[in-house]
Amino acid sequence: MRIVGLSGGRRSGNNELMLKTALAAAKQVCGAELEIIRLQDLKLRDCIGCETCMRGLTTGGDGLCVVRDDDMPWFSAAVKEADALILATPIYDLIPTGTVVTLLNRVLGIGKEYQTYCRTHPKIGAAMALGGSDWINLTEPLMDLTVRNLSKGSVIVDKFVVGHNPAPSMVVLDEAVLERAALLGRRVGEALMDREHAGFAGDSGVCPACHCNLLEPRGGARVGCPYCDAEGTAVIRDGSLVVEWDADKVRDNRFGPAGDAHHRADIAASHKKAGENRERIRQRVQELEDFDGVFVQPPRRDPSTTKE
């Protein structure tokens, strides 16, 4: 049994200290082997938006990213057979670090074989994040999505986001946060010991499908979860705003089998449209290529003049 912790921040920073606390608590429950991957140690190139991975997934290919000269192949091999993943990330201006977002983008091209393995060997997942103030509200769905995409078919058992710890390592002064991290770890350990009954054990949130706390208006009294796409009707009950969720929309959210099938069909249809209009696209692109704009680039230092 192996748990891999993913640290999205600096060495011995707040999030890494939370991660170590969670991993230690998980080990006490289930005795798992522990590993930590510090994402800042990885050399990950940016996604270039070529769509090779998605075309592969929708047309019978391997779904692998064309960028293979960085640490992503090593990383995917390192986490593929893990029994559980715990992500911990700092929060910079409402969202996780750029390192975590880069990983999230690149996971799209992790490949069909990896995804199939995860679906037949479901992982236990959990995520947590810590920010320096109350600017934390957009982090939860992004950290959750990172874990979900790294472990298709996984069971997310817990997640939480907290703020007001801006200084390096000051989280050790916040016993409540450390105890919350330990609780997350214990829940991961308990889920590994009883996978058959594993389920989400964290705060319920607003959305009953993904437990996210974001809502968006969708016309009239209709509202939806912008993350998992569940929908319902907003009503005022006893002076409070309440959402009466549609059972079918909750069941068929983005992250279930029906939602995944819809997503792939949507992408396939769009690529079909692009293929049918290839010549028109080429002509329009050429018109814009002829635009008399000037691209400005930073100066590049001559390596031969750089001092060691």
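Glycine 224 faces glutamate 231 of strand β9. Glycine 224 ends strand β8 (residues 222-224), which pairs with β9 (residues 231-237) in the antiparallel sense over three bridges; two strands count as paired if DSSP finds at least two bridges between them. Strands here are DSSP runs of E with at least two residues, helices are runs of H or I with at least four, and both are numbered from the N terminus. Six residues lie between the strands in the hairpin of β8 and β9, where aspartate 229 has a positive phi near 75°.

This is a predicted model, in which local features need pLDDT of at least 70 and side-chain atom pairs pLDDT 80 or more, while totals for chains, interfaces and linings use all residues. Residues are numbered from 1 along each chain as its sequence is written, and side-chain values use heavy atoms, without hydrogens and water.

Strand β9 also pairs with β10 (residues 240-245), again antiparallel, over six bridges. Valine 235 has valine 242 in β10 as its bridge partner. The hairpin of β9 and β10 has two residues between the strands, and aspartate 238 in the turn has a positive phi of about 55°.

Helix α9 gives the largest share, six residues.
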